[in-house]
Amino acid sequence: MKNEEMNEGKMTVIVQTIAALLFPLALIFSFYVIMHGHLTPGGGFQGGAIGASAVVLLIVAYGVKHVEEKMSEGGFSVFESLGGLIFVVVAIFGLFLATSFLANFLVNEPIFGKIPGWGESPLNSGGILPILNIAVGMKVIGGLSAVVLILALISREGEEK
Amino acid sequence: MIYNLPFLTVVALIAIGMYAIIFKRNLIKIAVGITILESGVNLFLITLGYREGGVAPIFTNLPPGISPDQIPEKMVLPVPQALTLTSIVIGVAVLALILSFTINIYRKYGTLDAGKIRRLKE
Amino acid sequence: MNVMEHLPALIIAIPLLAAFLTPLVDKISKKVRNAVVFIALAATFILTIFLVQDVFENGIMIYVMGASNPTQTIPMQAAVPIRIVLEIDGLSAFMALISVLIALIGLIYSFSHVEERGGKFYTLFLLMLVGMLGMELTGDLFNLFVFLEIASIASAALITYEFKRGSTTEAALKYIVISSIAALFVLFAIGLLYGEYDLLNMAAIAKAIKITGLSNIDMIALILFFAAFAMKAGAAPMHMWMPDAYGEAPGAVSMVLIAVTQASLYALLRVCFTIYADSLHVVIPAAIIIFGLISIFIGVTMALIQDDIKRLIAYAAVAEVGYILLAIGVGLYGVLNNEVELYARKALQGGIFHIFNDILDIGLLFLVAGGIIYITKERNLNKLGGLAHSMKYTSILFLIGLAAVAGLPPMNGFASKIMIYESVYKVSPILSIVAILASIIMLAIFVKIFHSVFTGPKISEQKDVPKLMLASMIILAALIIFFGLFPDIIINNIVNPAVNALIENAAYISNVMG
């Protein structure tokens, strides 16, 4: 029993429980870093890397087979492509709605367009920057998770042979 | 002298990285060498951006004890940091690619020795 | 809004958009995916033609990303450009036209046989194009680095597309290691220049170097740039990745890889002719000429002993890069010595024209070789034979490519090579003797391949290549013959603006710096 579990790359119940507890926390922290990308240090890539490390935590604790059943590489790829797509579409919107490619067309608009003053940090500021950060975050979470998942899968196949 | 220390570290990192890439035969070590080389270059960019007494250019999160009037002189231009971040992102992608190639080579050839896998000679 | 004004951004954005759209559409339908990719590339091609026309008529085009006025490079209250600037002069437009044209032809070729894992193939294909176009259109050094990496990563992944053969991964690993080292050199050089001038814009740096003169740091940066871009452009003796990468990649990818290589060549030209320009020492053109000669020599001699058909063509590609470098080195030498009208202009015309011809000729040969491998599943020249019986059109197309690479009239290779021979002769007769001899050896090599692959008794019954494959080859062959018959049209309309952009670099600087 124990040996079988080890062979599948699983770790002990303690590690699994802690990983299961930490996974949502890591995702929330990742989301926090992404959402506050325009206000504090961090942003899409950093937050996305934290989110992907949450997935890595699951892979380490539960084994790649188990994780792959729950979240497939294809899903991550779609998520990643969506992120890239949102980024480019927002950038092109800048061209059509405002002056140039990547222009901040939401700035000074009612909802997101507030420009924060000294010491203020409202979340709904920065125009298109939060949207771009979210797009980058999606792309990084999807891309890095897919990379780690695939690397884990193919190195596991190699060991089985 | 103390201010030159980061630059000396940069030189050392680049030298170690180049040494690993040129003289090591193990593919994983070559990947590590590229990463060290990249860290050297990144450290160089970051060192260029360092200003003594500078403040991070975040308008919404001022450090205590600094009034907004002083800010324009104290805030550093974040371009080198932005360059470094971009370079780190690219480095991650390159490293992932090199590692996946390495895994595929190990599966096909059964070795990581760069000297033994040279099927494409001449 | 005026579309013409936004052309530079759209040309990069449309393939990027399609690249991210492809994996999503791929889940729905393969046909729709192919349509999306094709429409995106065709649209990019049409926009590029507009761009080229505009640049050739109205001079340099500027586009500032994210600015409230896309043509205002220096924002108010600033003395230097801060945002990312796209700057398109004659040379950039020329290179962009080549890249998009070749990508379009390569795409048509790929449609005929890429089905398995097609979504990923086309995503990478489009990203490779984005990387090339970005490198060629940008006016910002750091942007150049980013696009260089995008192109490298996408092409490395494409080289190992047929990953079931271990040797493809070996080639791709070699390519990505070389590319990332080169890119880190570039980044280090950018860091040096940034540390010195606080600038990233190429035109601004060029102006600063012009004013302050060449410092030691500039020289270190120049050497790093030179080494990195020459390595990426495949100049011998730093060509070792090139035969592997070209030889192992799938047919169309080999051809588009030539365009990626030439994007690095473009970066080398930009660094030499625009950023450093008159401050250069004569050692640099001399080094380029020597690299060119070594490339020609190694290319033809190594091609002689190959028995893998694609590897052989790859070595011929090394030799072709040598011709371009030779001509450009001589051109740069002439520009530095103020002997522009004597021979430099002609050398640059020949070199720039040969950039186009190289990709058409070698590209056609790669496509034909890809078709042969696709049909027969055999790469070894000694085991191939008698294919002319069943592959009539392919063999005729191979003959055209062969004549063009060897520089026989009336093909385009002759048109550009004769200009190179003539102009190079004025500097030293030895240069043109080596160039002509190499051309003759090249002819001998390709006649040998033609003999061993196409003539002889029929070995086995084969079909001819798929129709789309044939169509893409015919487009290339038609261009080759057209360029060969009417070289004046091409030189006057496309090549000369690029050459002028190289010789007169003041406009590149003044358009950004005012």
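Predicted model: local features only at pLDDT ≥ 70, side-chain atom pairs only at ≥ 80, totals over all residues.
Local features are given only where pLDDT is at least 70 and side-chain atom pairs count only at pLDDT 80 or more, while totals for chains, interfaces and linings use all residues. Residues are numbered from 1 along each chain as its sequence is written, and chains are lettered from A and ligands numbered from 1 in the order in which they are written.

Chain C contains 19 helices and two strands; helices (H or I, at least four residues) and strands (E, at least two) are DSSP runs, numbered from the N terminus. The radius of gyration of chain C, 22 Å, is close to the 24 Å that the globule rule gives for 514 residues, so the chain is as compact as a globular protein of that length. This radius is taken over C-alpha atoms, and the globule rule is 2.2 Å times the number of residues to the power 0.38. The C-alpha trace of chain C spans about 75 × 60 × 40 Å along its principal axes. Of the 514 residues in chain C, 65% are buried. A residue is buried if 20 or more other C-beta atoms lie within 10 Å of its own, exposed if 12 or fewer, and partly exposed in between, with C-beta atoms placed from the backbone. Among contacts in chain C with a separation of 6 or more, 80% are between residues 24 or more positions apart; two residues are in contact if their C-beta atoms, placed from the backbone, lie within 7 Å.

The two strands of chain C, strand 1 (residues 61-64) and strand 2, pair in the antiparallel sense over four bridges. Strands pair if DSSP finds at least two bridges between them. Within this pair, C:Ile62 stands opposite C:Glu87, and C:Val64 stands opposite C:Val85. Both faces of strand 1 are covered, with C:Met61 and C:Tyr63 buried on one side and C:Ile62 and C:Val64 buried on the other. Strand 2 (residues 85-88) is likewise covered on both faces, by the burial of C:Val85 and C:Glu87 on one side and of C:Leu86 and C:Ile88 on the other.

Helix 3 (residues 90-111) of chain C has 22 residues and reaches 32 Å from its first C-alpha to its last, close to the 32 Å expected at 1.5 Å a residue. The expected span is 1.5 Å times one less than the number of residues in the helix. Because 20 of its 22 residues are buried, helix 3 of chain C is largely enclosed by the rest of the structure.

Helix 14 (residues 392-406) of chain C has 15 residues, and its 21 Å reach from first C-alpha to last is close to the 21 Å expected at 1.5 Å a residue. Its buried residues include C:Thr394, C:Leu397, C:Phe398 and C:Ile400. The buried residues of helix 14 pack against helix 12 (309-336), helix 13 (340-376), helix 15 (412-427), helix 16 (429-454) and helix 17 (467-485) of chain C. Just after helix 14, C:Gly407 takes a positive phi of about 75 degrees.

C:Glu378 lies in the loop between helix 13 and helix 14 of chain C. This residue counts as partly exposed because it has 16 C-beta neighbours inside 10 Å. Apart from neighbours within four places in sequence, C:Glu378 is in contact with C:Ile373, C:Lys383 and C:Leu384.

The largest nonpolar core has 292 residues, of which C:Met128, C:Val186, C:Leu326 and C:Leu364 touch the most other members. Such a core is a set of buried Ala, Val, Leu, Ile, Met, Phe, Trp, Tyr and Cys residues joined through C-beta atoms within 7 Å. Not counting residues up to four places away in sequence, C:Met128 touches C:Ala151, C:Ala154, C:Ser155, C:Leu158, C:Val256 and C:Val260.

Chain B has four helices and zero strands, and 25% of its 122 residues are buried. The contact between chains C and B takes 27 residues from chain C and 26 residues from chain B. On the side of chain C, helix 6 gives the largest share, 17 residues.

Chain C also touches chain A, with 17 residues of chain C in contact with 17 residues of chain A. Helix 1 (residues 7-26) of chain C gives the largest share of the chain C side, eight residues.
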